Amino acid sequence: MKKEKQPARRPSAKAPKGVSRRGFFQAMGLAGAAATTLAQGGCGSSGGGVDPALQQGVGPDAIDVALKVNGRDVKVKVEPRVTLLDALRDHLKLGSTEPVDLTGSKRVCDRGSCGACTMIVDGRTVYSCTVLAVEAQGRQIRTVEGLSEGGKLHPVQEEFVACDGLMCGFCTPGFVMSAVSCLERTPGATADQIRKCLDGNICRCGTQPRALEAVVKAGARMKGRR
Amino acid sequence: MPYKWPEKRQVIGTKVPRLDGALKVAGKAKYSYDRNLPGLLHGKILRSTVAHGKIVTLDLAPAEAMPGVKAAMSIKKVGDIVRFGGDEVAALAAETEEQARDAIRAIKVAYESLPPLASEEAGLERNPPPPPQTTEKGLKIEEAFAKATVTSEGFYGVAVITHVCLETHGLVADWKADDDLVVYCSTQAVGNTRNSLKNHGPFKAIANLKVTCETPFMGGGFGSKFSADLQGTVAAELARKAKRPVKLMLERDEEHWAGGNRPSLFAKVKAGADKDGKLVALDVESYGTGGNSTGVDMRLPYIYLPEGHRIRNRDVNVNAFNKRAFRAPGSPQACAVMDQMMDDLAHAGGWDPVEFRLKNLPGQGNPLVNLSPIWEKELKMGAEAIGWKQGYHKRGDPAAGPIKRGLGCAINTWGGGPGGAQASCTIAPDGSVEVRCGTQDLGTGTTTLVPIVAAEILGLEIKDIQGKIGSSAYPDAGGSGGSTSCGGVSLAVGVACMKALEQIFAKAAPALDAQPGDLEAEGGKVYVKAAPAKSLSWKQACALLGAQAITAVGDKADKEIQGMAASGVGGAQFVDVSVDVETGQVRVNKVVAVADCGLVMNRLLCESQVYGGVVQGLSLALFEERRLDPRSALMLNPDMEWYKLAGHSDLGEIEVHLLDYPERGVIGIGEPPVIPTQAALANAVTNAVGVRVGVLPITPKRVLDALAKK
């Protein structure tokens with residue numbers, strides 16, 4: 001007879017057994033987590049070192065986390081192991097007084113390989129499923145919802161609709177964020193450069209050819225406007 | 001009077017951007033995964049960690065005592081058998097997802113391991129072996145081969161793949177009252193999802209139970225989402241227990257384990273052609289798996305019909321989740337076997353592969369004979385577009401250096417045709433129009449299709465129509481499968497609008513001093529055909545209804561629908577690749593897809609379906625394979641880094657040519673374009689490197705192994 005336990009896919013702070021990405025962060029302490037995530041997520045170091053409050057250790061219970069999302073201050077109460085993606089998708093309504101519901105960023109692979117959760121943090125794209133919410137404090141977080149505040153779509157969004165660069169639409173917010181970041185950092189990007197920018201985004205319906213066409217067109221429009 | 005499409009079409013066949021596009025690109029489209037209801041609980045499922053075993057311990061009590069847990073239930077009981085890694089054992093719901101995950105790990109469970117079947121080959125060697133199912137048609141196989149002057153033999157196959165819907169399976173269950181359940185489900189069939197919940201054992205006893213399935217948006221299905229499924233009924237049971245809404249969406253690994261997969265097919269093939277290059281004989285010994293209790297979807301022989309054939313197939317069981325329909329069930333596998341065989345036979349006889357296919361297109365006696373002129377046109381168009389004349393060379397690129405270039409092609413067919421559907425059209429005295437249909441939009445564009453059809457029939461603009469789909473509360477329409485939604489929905493909506501318009505004409509005729517049959521609706525006007533100056537604006541005409549709105553119902557089953565929809569499409573695809581014979585790496589240079597779907601309803605979105613089929617086909621051809629550990633039968637790649645999908649840089653240039661045959665009516669295009677890509681790519685690789693790789697996906701290792709055997 002063989003005894004089996006459910007694999008420790010997401011070890012809790014209360015029962016830290018097994019090794020996983022987040023368990024690894026916990027074992028290293030949050031200082032290590034911050035450094036690792038910055039390197040993986042590619043946010044770029046802000047150079048300020050790690051918040052002394054974090055070095056004392058936090059959790060395992062939920063803590064107050066203050067985030068700046070699309071220019072607005074929001075507060076969430078989440079366990080330190082909660083990702084930026086999950087905090088914005090699931091916890092804003094539960095733990096915050098801010099009446100926002102940011103479910104535009106999607107959870108698809110939940111381990112940094114598909115791009116559906118792409119956000120722009122301090123000017124660079126990150127997979128928000130590999131950034132912890134606590135670690136995103138003090139950073140400028142942009143989500144897909146922030147692109148069309150006031151109801152006017154961003155040129156990238158307009159071209160996605162016009163070129164039909166989307167089908168089921170589940171990957172689309174991530175594609176849009178990667179494309180916006182690409183064109184902001186590389187105005188006038190060529191189709192080849194854009195293709196590389198979008199390589200970290202996976203689509204199952206097969207929208208890639210027309211998504212590329214949409215971003216090329218949006219890039220031309222945005223450059224013309226400068 | 002039979003109903004038919006207008007001969008002069010203003011909206012149908014134009015390029016209409018999808019109407020829900022703005023919501024989707026802004027992140028404002030609410031998918032099931034995005035439903036955060038007040039008081040929402042999060043559900044999770046405990047899944048077996050052995051692929052085959054008996055449950056010997058199962059105790060939920062420790063989990064029920066965990067923080068935040070509000071309801072728990074067992075799915076299997078002690079003594080039950082688990083049949084695949086990830087089989088469902090128990091479930092619970094808690095205040096937060098994190099708490100639910102912790103609590104799942106607190107459930108006490110133990111298994112007695114049983115020997116697993118981890119591969120098709122292991123399944124074949126089982127004692128007693130699975131029996132072959134044999135079909136033989138036409139000449140006896142020996143007589144057929146006696147006619148052949150050229151023969152070829154090969155081993156071709158396609159591995160099991162999984163659906164990888166980006167929005168995983170699952171739903172949010174919300175009991176509005178004791179007998180009123182609303183679910184937000186990621187489904188291809190709102191009606192059947194409702195029915196599956198109504199008929200769920202524990203709910204059958206609830207008197208007058210009302211179930212509504214709301215699915216305004218869903219993130220991909222590809223054949224795997226036709227009911228509430230186990231996780232759906234579990235979520236509804238937990239919600240009922242906890243008296244709170246429950247969200248239960250599968251995680252990525254669970255989606256790979258239990259969200260659906262496409263059966264494999266491996267075939268040892270011998271084929272023969274006569275001296276004129278006519279396929280005369282086909283002998284196939286095949287096997288494949290559809291999971292722990294189902295088999296392959298056998299569609300051999302595919303398209304080409306020899307004078308005699310024999311197919312001996314063994315359905316093999318392995319300890320993995322059972323198959324689900326996947327985009328054109330059985331056809332991509334059959335095409336991968338058949339069209340690779342055709343290529344090898346052409347090579348053996350020294351015939352050009354395109355010419356050889358043209359010569360063997362279905363003739364009299366083959367039920368697909370009517371499609372042959374379409375294939376002929378498509379093969380010629382595709383060959384021209386890919387540069388076959390200039391680029392094709394005999395097998396094996398003679399160019400110096402490690403990079404070899406090659407061309408390949410394949411053809412496909414699929415039924416499509418109209419699925420069951422009803423729709424209603426309501427016209428109010430103020431001229432507003434609302435069309436309701438209980439279908440759903442998988443990303444295929446049904447949301448946009450409904451107003452296109454209504455605007456065409458009523459002579460209005462798309463913005464004048466309120467189209468309502470994605471709810472089981474609307475008139476019943478079937479699930480979106482088999483490429484039948486476009487046909488069925490177009491018919492139901494079209495006829496509902498035609499019937500409503502008849503009522504408007506009846507009111508308007510006296511005012512225009514004409515008979516109802518003399519009237520036409522076009523450009524926002526109702527006018528007398530013979531004297532267009534005699535007209536009413538749409539609003540004026542509708543005002544004649546008085547105080548009461550009218551509603552008409554259209555049904556695909558209406559006997560008076562003639563020639564508005566059909567079934568049966570042909571397609572052809574050509575692929576241009578470069579292969580590095582030192583690394584085995586395949587690079588796609590270009591794909592040309594020529595597709596047919598009868599009457600094109602929305603050219604922009606229709607083309608997207610073809611692009612999508614090609615992209616998915618390339619991904620399947622190059623990367624995708626469900627890998628089971630050979631000892632434990634546990635899936636080794638239940639994620640998205642080792643289960644690879646194609647990205648932008650993997651695709652090359654894709655060129656789509658859409659044929660339009662309005663006289664055939666609506667057919668449906670969702671599935672056919674995914675069928676031939678794998679075979680066409682495999683043939684291009686063989687043309688480049690000079691050897692047959694045979695089994696897909698064509699990984700660098702398989703290319704190098706094939707070259708080593710040269």
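User: Is A:D164 buried or exposed?
Analyst: A:D164 counts as buried, at 1% relative accessibility. Buried means under 20% relative accessible area, exposed means over 50%, and partly exposed lies in between (1.4 Å probe, protein chains only).

User: What is the phi of A:D164?
Analyst: A:D164 has a positive phi of about 55° although it is not a glycine.

User: Where in chain A is A:D164?
Analyst: A:D164 sits in the loop between helix 4 (155-163) and helix 5 (172-185) of chain A. Helices (H or I, at least four residues) and strands (E, at least two) are DSSP runs, numbered from the N terminus.

User: Before we go on, what should I know about the model?
Analyst: It is a predicted model: local features need pLDDT of at least 70, side-chain atom pairs count only at pLDDT 80 or more, and totals for chains, interfaces and linings use all residues. Residues are numbered from 1 along each chain as its sequence is written, chains are lettered from A and ligands numbered from 1 in the order in which they are written, and side-chain values use heavy atoms, with hydrogens and water left out.

User: OK, what about B:D513, buried or exposed?
Analyst: B:D513 is exposed, with a relative accessible area of 65%. Its phi is also positive, near 60°, and B:D513 is not a glycine. Look for B:D513 in the loop between helix 14 (485-511) and strand 22 (519-522) of chain B.

User: Now cis bonds. Where is the peptide bond from B:L300 cis?
Analyst: The bond from B:L300 to B:P301 is cis, with omega near -5°. B:P301 lies in the loop between strand 16 (279-289) and strand 17 (308-316) of chain B. The bond from B:L696 to B:P697 is cis too, with omega near 0°. B:P697 is in the loop between strand 29 (695-696) and helix 18 (700-708) of chain B.

User: Back to chain A. How many helices and strands are there?
Analyst: Chain A has seven helices and five strands. Along the sequence the pattern runs α-α-β-β-α-β-β-β-α-α-α-α. Of the 226 residues in chain A, 55% are buried.

User: How many residues of chain B are in contact with chain A?
Analyst: 76 residues of chain B are in contact with 67 residues of chain A. Contact means heavy atoms within 4.5 Å.

User: And what area is buried between chain B and chain A?
Analyst: About 5,900 Å², with carbon and sulfur atoms giving 52%. Buried area is the accessible area (1.4 Å probe) that two parts lose on being put together, summed over both. In chain B, the residues that lose the most area to chain A are B:V25, B:R105 and B:H648, together 15% of what that side buries.

User: How many salt bridges are there between chain B and chain A?
Analyst: The count is nine. A salt bridge is a side-chain nitrogen of Lys or Arg within 4 Å of a carboxyl oxygen of Asp or Glu. One joins B:E607 and A:R210, whose closest N and O atoms are 2.4 Å apart.

User: Which helix of chain B gives the most to the side that touches chain A?
Analyst: Helix 16 of chain B, with 10 residues. Elements that give two or more residues to that side include helix 3 (97-106), strand 6 (108-113) and helix 16 (603-622).
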